[in-house]
Amino acid sequence: MSDSENSAPRSGHSENSGYSGYSGYSEQDVQREVTALEGKSATAARIFDLRRIIGGLFVLYGIIVTVTGITDSQAAIDKAQGVNINLWTGIGMLVLGVFFLVWLKLRPAAPPVPSAQEPRGE
């Protein structure tokens, strides 16, 4: 390649768009970009794991309902036929939320499997 081809501006055209000129992207540039995107994707998958969201919400709501159950009046307990339903429901929600969070900690999301394509040496 001549120096003018190496210094050509990188365009966003792909080979399929009808542009037949030199794009300026090397195989290594493409591989580096793919690797960076895979890393970002894996991070996003771990952050937005449903177990984290469900567990966090159940713990939050469980705390609220448990506190409500602890502070319930006798009239509210009598209305539920003598059972402090808010307290028991809140404890159940806390247990379920903690279960999801422990499950997430013990079995985290699997890292992405490396692609079968290996970078080609030149």
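Trainee: Which residue forms a salt bridge with D49?

Mentor: This is a predicted model, in which local features need pLDDT of at least 70 and side-chain atom pairs count only at pLDDT 80 or more, while totals for chains, interfaces and linings use all residues. Residues are numbered from 1 along each chain as its sequence is written, and side-chain values use heavy atoms, with hydrogens and water left out. A salt bridge here is a side-chain nitrogen of Lys or Arg within 4 Å of a carboxyl oxygen of Asp or Glu. For D49 the closest N and O atoms are 2.7 Å apart, and the partner is R51.

Trainee: Is D49 buried or exposed?

Mentor: A residue is called buried under 20% relative accessible area, exposed over 50%, and partly exposed in between, using a 1.4 Å probe and protein chains only. D49 has a relative accessibility of 12%, so D49 counts as buried.

Trainee: Why are D29 and R32 separated by about one helical turn?

Mentor: D29 and R32 form a salt bridge, one of 2 found in a search of the whole structure, and their closest N and O atoms are 3.2 Å apart. In accessibility, D29 counts as buried at 17%, whereas R32 is exposed with a relative accessible area of 53%. The separation is about one helical turn because D29 and R32, both in helix α2, are 3 residues apart.

Trainee: What is the centre to centre distance of the aromatic pair formed by F100 and W103?

Mentor: Rings of Phe, Tyr and Trp (its six-membered ring) pair if their centres lie within 6.5 Å, and planes under 30 degrees apart count as stacked, over 60 as edge-to-face and the rest as tilted. F100 and W103 both lie in helix α5 (residues 85-106), 3 residues apart, where F100 is buried at 15% and W103 is partly exposed at 38%. A search of the whole structure finds 3 aromatic pairs. The pair of F100 and W103 is tilted, with 45 degrees between the planes, and the centre to centre distance is 5.9 Å.

Trainee: The charged end of which residue sits over the ring of W103?

Mentor: A charge sits over a ring if NZ of Lys or CZ of Arg is within 6 Å of the ring centre and within 35 degrees of the ring normal. The ring of W103 also takes part in a cluster, in which ring pairs link F99, F100 and W103. The charged end that sits over W103, 5.0 Å from the ring centre, is that of R51.

How values were computed. Helices (H or I, at least four residues) and strands (E, at least two) are DSSP runs, numbered from the N terminus.
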